[in-house]
Amino acid sequence: MPLAAARRLEGWAASWARRRQGADPHAVVLKRSRVYILPTRFGVVFAAMMFAMLLGSLNYGASLGFMLTFLLAGLALVLMHHCHGNLLGAEIKLIGAHPVFAGQRAEFRIAVRNDTAAPRYEIELSHDRHSAGPVDVAPGAEVSLRIAVPTERRGWVALERFAVVTRHPGGLFRAWTWVHMNARCLVYPQPARPGRPLPESAGLGLGGRPDRGDSDFAGLRAAAPGDPPQRIAWKAFARNDTLLLKQFAGGDREPCELDWDALPELAAEARLAQLTRWCLDAAAEARSFALKIPGAVLPLGAGPQHLAACLEALALCETGER
Amino acid sequence: MKLSAPATATLSAEVSRLHWTAAIVLGATLPHWPTLPTWVPVLLAVAIAWRLVVATRAWPMPIRTLRLLLALVAFGVVLVTYRTINGVEAGSALLVVMMALKFLESRGYRDQLVLIMISYFLLFATLLTARGPLTAAYLLFLIWVTTIGLLQLSRRGPLLGLRPTAELAGRVLLQSLPLMVALFVLFPRLPGPLWAVPGTSTSATSGLGDTVNPGDITSLALSDEIAFRAQFLSRPPPARDRYWRGPTMTNFDGRTWSMSGERRGERVAASTEYLGAPTEYRVMLETSGRNWAFALDMPKPPEQRGLRMGSDYQLRTFPGTPRGTQLDYRVVSYTSYRALEPLSPAEQRLFTRLPPESSPRTRELVRGWLTDDPTPEQLIERGMDWLRSQPFFYTLSPPALGEQPVDEFLFDTREGFCEHYASAFTVMMRAAGLPARIVTGYQGGELNGVGGYFIIRQSDAHAWTEVWLADKGWVRVDPVSAVAPYRVALGSWRGALEGERVPGTVLGRIEWVRRALFVWDAAATYWNEWVIGYGPELQRALLDLIGFDGLPRAERWSKLLLLCVGATLAGSLLVTLQLAWRRRRRTAIDEAAREFATFAKRLARIDVAPRAAAEGPVAYATRAQARVPRAATEIRAIVAAYLRARYERDADSAALAELRARVASFRPARA
């Protein structure tokens with residue numbers, strides 16, 4: 001079957017499943033009525049081999065040949081039930097997704113929980129030809145997996161549908177279910193290229209203070225695109241593979257006001273990009289800042305929560321979403 | 001940003017998958033090694049070693065052109081060796097070659113699953129010709145091993161340990177057994193092959209030969225192999241009457257006796273007078289590669305399909321019946337009979353013919369008996385008396401004989417076994433002018449008390465003489481009875497030969513070993529009868545018992561297929577129930593949580609507010625103790641048991657039992 005036709009068929013089947021299953025809450029236990037199963041390509045070839053065995057046995061009148069043929073037929077049937085049962089009763093929970101900048105991949109974290117006495121093997125999550133896993137889930141255990149979804153523009157990105165898949169045991173069958181959780185991930189605007197300096201805080205009327213530079217180390221935060229490379233914590237990266245940004249206590253630095261109207265020469269999205277860049281720069285320099293955009297005014301503040309609130313406002317600016 | 005996993009990890013994962021694949025491939029080809037030309041296993045081993053070196057040393061994979069060339073050469077050699085690719089042996093060799101080449105180019109999941117599938121098919125190829133219960137057990141073991149391989153190599157994640165996989169493989173195979181049995185019994189069997197089966201080259205089939213040449217039966221007599229089994233439906237005749245008739249030797253060239261051409265079939269039986277009580281019995285013939293069947297002297301023409309009476313009262317299968325299959329038939333014989341076959345003068349000449357130059361001393365001896373014009377009966381008696389009077393010895397290792405074997409045996413060596421005596425006696429009778437011939441077959445047999453049947457081994461092979469008398473027809477004369485009467489009376493070599501090498505092993509003479517062997521043989525016989533022999537006839541007989549008799553074939557088949565579908569559904573249901581049962585049982589951790597929930601419900605009844613989401617069990621207990629001070633001790637104890645049962649590493653069942661008991665008796669009263 002050509003790939004396009006197969007995809008169309010799958011899309012049709014998935015939308016049929018969506019209609020009959022309805023939307024799912026953020027935690028579902030997989031019931032019998034929603035676990036589907038079909039032979040894999042290997043399963044079809046295996047069936048052809050069993051048929052060849054049957055013909056051979058008939059021809060040679062070989063009793064032991066019949067025995068092996070029927071043993072394998074029984075085995076295929078048993079494996080089918082094991083495959084189906086491997087999903088049955090598993091609990092799928094949405095953990096959530098950290099916000100990302102447009103162009104990054106949104107990673108939805110989804111947990112597979114096994115509350116039964118028997119282990120579950122080789123469970124995969126699959127979304128749009130990409131799959132996460134496979135993982136084995138011990139009795140009473142919970143394993144989380146990430147589904148990555150590419151993002152292009154700011155706002156919410158939704159994971160409308162993903163499949164929970166298993167081919168265990170034997171790879172003869174593929175059992176799956178479609179899950180439709182209302183999962184969404186916030187996508188911040190893609191920050192503009194660094195370079196444009198932060199605007200002066202003239203409008204705020206706050207007195208200047210002596211600049212003590214970057215000397216007071218205040219902690220680490222996750223690095224974002226466009227962060228100044230000289231402030232990446234490379235030693236920490238060598239330890240745990242995560243890019244972190246060194247932050248410095250800068251309460252003593254000049255606060256600034258980031259204003260939509262201060263960038264009249266830029267188009268709307270470009271303005272948002274620049275404002276995002278400034279928010280990141282200000283936070284990196286540990287300066288407190290205020291944000292003013294159409295539909296939202298965030299007063300002067302500092303710290304990761306303030307940054308997150310500003311970025312969310314930028315992400316949802318004039319999208320009509322919240 | 002994340003670094004990719006270290007390269008060594010993926011390498012070792014690949015190598016361990018390759019190790020598993022190699023083990024499965026070697027296991028599945030193992031039963032074929034004895035029949036394969038030597039270069040095939042060697043090719044397989046080289047391919048495996050090569051691929052493993054490629055994986056461990058990070059060598060480049062063999063290039064495509066080389067693999068293609070290798071494939072062409074290997075297929076060519078197989079074709080030249082077998083002249084065909086049809087048939088079990090050539091097909092198996094081809095599969096093993098394919099496996100070797102596939103292994104060489106295998107890169108992962110998909111290739112390895114293909115190899116597993118070929119492994120199953122190779123095991124199947126073995127089973128097409130395999131029969132014995134031990135072979136079946138050996139192959140079942142290999143099927144288990146292959147299934148372990150299937151479960152391992154179908155994993156995309158890291159491989160599991162041997163133990164859990166072996167257990168799972170065992171469990172799924174056990175679960176598929178009931179369906180296997182049901183389909184085995186119910187699936188409609190066809191009476192004939194679908195396409196022509198090329199003969200297998202069953203080399204060195206043992207058994208009686210086409211010729212009798214005193215001296216070459218020594219090896220046969222020492223073989224403990226089973227020729228056939230016989231189960232008497234009426235009272236078994238005594239050993240001295242158990243002459244199992246086989247091929248008859250008529251032509252003699254002075255040294256070797258051979259069979260005459262096909263002479264008469266069933267017509268001869270019409271002239272036979274059957275006397276006394278009939279003996280009815282069933283014969284389960286082992287594979288021999290010939291179309292001979294054996295029956296007690298003297299059988300009635302068989303009514304069984306596929307069986308006929310051929311020359312000289314010998315039972316044969318029809319030429320169409322595939323050789324190399326086991327045969328099971330019923331016959332009626334009469335141990336006393338008069339085979340009054342009329343012989344034409346030409347036939348009388350045929351049965352008295354001796355090569356002119358042969359056996360001058362024997363002729364001289366016999367000429368002396370003819371002086372007083374004796375009757376044929378007197379002549380037979382004189383021959384037997386003469387054998388008795390001379391110092392003849394019955395031995396299984398006679399000396400070699402020269403130019404005139406009969407003379408040398410009768411006058412010089414005087415040591416020999418049945419063929420020597422039968423040959424010499426027949427020559428004596430022919431020299432006296434009496435039509436005579438050698439009948440080969442088996443004599444006696446050993447009773448298997450466990451199975452209630454007789455086992456007739458190749459070591460029971462025997463030869464005797466038949467003399468034709470005008471008024472009595474063919475009369476059996478066994479010259480061995482004159483020399484070693486025990487041989488005939490006991491129906492066995494054992495005991496007939498004092499201190500000489502006896503057929504069978506030394507172990508075979510220990511009583512309990514013999515008994516155990518009998519039990520084993522009985523089991524093997526049931527196996528042969530009910531498993532190997534389960535075909536269209538047995539299926540029909542079985543189905544007639546459950547009310548299928550009288551149905552037309554099409555209807556039988558459709559009903560059978562329906563039953564197969566029903567069996568599959570029933571099997572499905574069974575497996576589903578088993579799986580649901582396995583999945584239903586919760587872990588101890590959850591049972592503890594459930595007990596704690598019951599405990600909390602009881603407290604809620606007396607106005608202790610339910611546990612908040614962020615409230616741990618200890619905080620909750622403290623709150624509850626404050627609220628219900630009278631039950632404080634008990635609440636403390638329950639929470640302690642709960643914490644032990646749920647959170648302690650290696651929690652034992654005692655903690656859970658204590659929790660359960662305490663919760664059950666917890667009846668707090670309102671403060």
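In chain A, helix α5 (residues 268-284) packs against helix α6 (residues 304-316) at an angle of about 175°, with the two axes 10 Å apart; helices here are DSSP runs of H or I with at least four residues, strands are runs of E with at least two, and both are numbered from the N terminus. Axes are lines fitted to C-alpha atoms, for helices over the stretch in contact, and angles run from 0 to 180 degrees between N-to-C directions. The model is predicted, so local features need pLDDT of at least 70 and side-chain atom pairs count only at pLDDT 80 or more, while totals for chains, interfaces and linings use all residues. Residues are numbered from 1 along each chain as its sequence is written, and chains are lettered from A and ligands numbered from 1 in the order in which they are written.

**Helix pair in chain A**
- The angle makes α5(A) roughly antiparallel to α6(A), a label used over 145 degrees, whereas under 35 counts as roughly parallel, 65 to 115 as roughly perpendicular and the rest as oblique.
- On the α5(A) side the contact is made by A:L272, A:L275, A:T276, A:C279 and A:A283, and on the α6(A) side by A:L307, A:C310, A:L311 and A:L314, where contact requires C-beta atoms, placed from the backbone, within 7 Å.
- These residues divide into eight nonpolar, one polar and no charged, with Ala, Val, Leu, Ile, Met, Phe, Trp, Tyr, Cys and Pro counted as nonpolar, Asp, Glu, Lys and Arg as charged, and the others, Gly among them, as polar.

**Sheet in chain A**
- β4(A) pairs with β12 (residues 183-188) of chain A in the parallel sense over two bridges, and A:F101 stands opposite A:Y188 in β12(A).

**Interface between the chains**
- In total, 53 residues of chain B are in contact with 48 residues of chain A.
- On the side of chain B that touches chain A, α7(B) gives the most, with 10 residues.
- By class, that side of chain B has 35 nonpolar, 10 polar and eight charged residues.

**Cores and a buried valine**
- The largest nonpolar core has 140 residues, and those with the most contacts inside it are A:L68, A:C279, B:V96, B:A100 and B:L123; such a core is a set of buried Ala, Val, Leu, Ile, Met, Phe, Trp, Tyr and Cys residues joined through C-beta atoms within 7 Å.
- Helix α3 (residues 63-87) of chain A gives the most to this core, with 16 residues.
- A second, separate core of 71 residues includes B:Y329, B:Y421, B:A432 and B:F454.
- B:V427 lies in helix α14 (residues 418-431) of chain B and is buried, with 27 other C-beta atoms within 10 Å, where 20 or more count as buried, 12 or fewer as exposed and values in between as partly exposed.
- Leaving aside residues up to four places away in sequence, B:V427 touches B:L354, B:S359, B:T362 and B:V406.

How values were computed: Contact = placed C-beta atoms within 7 Å. Pairing = 2+ DSSP bridges.
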